[in-house]
Amino acid sequence: MAERIEQRLEDRVPELEQLERVGLFTRKEIKAVLRRASALEYKIQRRALRKEDFINYIQYEINLLELIKKRRARTGYSFKKDEIEISILHRIHSLFNRAIGKWKEDVQLWLSHVAFCKQWNAKHQLSRVFSSMLAIHPNKPALWIMAAKWEMETRLSSENARHLFLRALRFHPECPKLYQEYFRMELMNAEKQRKEKKEFERAKMDLGEFSYSEEILNGEMARIVYRDAAQKIKGVEFHLAVLSIAKLFDFTQDLQKEILESLQTTFADDPLTWDYMARHELELGSLQSTEHTTKQTKVSEMTQREERCSAVFEEAVKAVPTEDMWKYYITFCLERYNRKTNSEELKQKRLERTLSVFNKAHESSLLPEALYKQWLQLLLESTLFEKATEVAETATKRFSLSVETWQMRLQVLIQLKSDDVTQCFEEAIKHVKSKGTLPIWTLWVEWSEGTKSKEDTEAVYQRSLHATTHAESVTMKEKYLDWTYRNSGYKKVRRVFTSLCENRPFSLDFFRKMIQIEKEQESCKMLHLREYYERALREFGSTDSDLWLDYIKEELSHPQGKPENCGSIHWRAMKMLQGDLVEDFVSKYTLLQTGHL
């Protein structure tokens, strides 16, 4: 091994001598490079190889290349690249090949090599990397796409790109993304050839026997790809994706028409098809509009376009009366409503249309639960309070078991300062099962704190403890403790704390809150602090090392503390703590003893 390392270091000597000779590196820097290279070489020659060692070595060599590049830029010296950079590049490729040979399954390692080849324009090397990578990872469509794009965009070889896509499709015959990118590539190739032909015609050059294929120029290859894909890939999403790609090219009108017709024929019952057809009306309008128009004309045109979209959506909800279809319609209306406009008339029409569509979907019992919230927000913004109250009530009737819907209705009533809030809380608790009611109880106590008497609020807190699940009651205990201290003072909170301690479960924050309250008192009693810590340790002593440390600190720092108790607390902690927590506790306790914690 030593001989091999020595040989590899000797191989570096010519490039390092050149670096010193041309003044890019000093003698001291050359020695530092040799020392570092020696250490890195030893690590990758061991029997038990580690991927990290190869990555570190590669990164070091790349950093060295970057430094040489900066030094060249600074000094203006651009010679001897064959003796210096080429040698380092060759070594980096060799390191990548060794690492990849050992860890073939690591895609990220392959991609790092690809990125390096691209950065240093190593086209020949990159071609081999792609070839090897695809042989090992033919099951990853993204890698095929990456290789084909490089062939098309960097090497300008549509033939190689096409060959890669066809090979990829043999492995993944139903992969939508592969077909989409293959389709895009064929259109890019057609566009490139169209531009070339135009340049030749402009220059009036004689192409001799060579002639451009009209089929390729018109995008026929892309049409073949689309037709092949359409037979294998089901779903409207693919057709829409291909259509959006075709729209990027100005010579694809016939192809777009074919895709659109296929879409309407094959997926007539799909809400996505209708959504596209409706939104397509906006684009048609924008294509027909002229540049020199007045502000009023633009508003009028936009109104007409949106009305055409709406007309298609109206047809859609009759043809496909589903929640999804209404959702697409409402989403469109909300998007238009939220668009900025200086025209109050247009904004008002958008608002009226949106509210009308919400109402129609609701009356059809096809308005999704999640959209009621947006409807209510819109009604409240528009000061239609009576309608908002009515809609919220109807929503809770339709989704009577939904906590979110009850919460939404309650928030509307609270915002409107309604007299029916308490009654609505009672209804919500009656309809919704105890599990998951925490948001309703939280909202109830928060509302009660701001509007009701202390006695009423305390009664709600007491009810919440029995009505929520054990896990949810933990949060209510914390809130109850905090509210009692804020509103009734120390003596009352002590009584509430003792009462709450009768029923598990608890959170650590529950005890820490009580410890904090005690420490805020002028006559803070160590006796009480011990009680709180002991109660907390009974629940969390095996899982929280900081709790033990805080207890020890309290005994050491409190005027009424007993430092002699620390040994006993330490011994108990060592017995109770589990696993790695013992080691964590010991290290922190040592720091505490030396005054560093």
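Before the first helix, a definition: helices (H or I, at least four residues) and strands (E, at least two) are DSSP runs, numbered from the N terminus. The expected span of a helix is 1.5 Å times one less than its number of residues. Two notes on the source: this is a predicted model, where local features need pLDDT of at least 70, side-chain atom pairs count only at pLDDT 80 or more, and totals for chains, interfaces and linings use all residues. Residues are numbered from 1 along each chain as its sequence is written, and side-chain values use heavy atoms, with hydrogens and water left out.

Start with helix H7, residues 141–153. H7 has 13 residues and reaches 18 Å from its first C-alpha to its last, close to the 18 Å expected at 1.5 Å a residue.

Which residues of H7 are buried? Buried here is under 20% relative accessible area, exposed is over 50%, and partly exposed is in between, using a 1.4 Å probe and protein chains only. The buried ones are Leu143, Trp144, Ile145, Ala147, Ala148, Trp150, Glu151 and Met152. Their cover includes helices H5 (107–119), H6 (123–136), H8 (158–171) and H9 (176–203), with contact meaning heavy atoms within 4.5 Å.

Next, the annotation. An unreviewed UniProt entry places the feature "domain: U3 small nucleolar RNA-associated protein 6 N-terminal" at residues 9–91. UniProt positions follow the numbering used here, feature names are shortened, and annotations may be inferred rather than shown by experiment. Over residues 9–91 the chain is 76% helix and 0% strand, with the end C-alpha atoms 12 Å apart.

Finally, the whole protein chain. It has 29 helices and zero strands. Its radius of gyration is 37 Å, whereas a compact globule of 597 residues would be near 25 Å; the radius is taken over C-alpha atoms, and the globule rule is 2.2 Å times the number of residues to the power 0.38. The C-alpha trace spans about 100 × 80 × 45 Å along its principal axes. Buried residues make up 44% of the 597.
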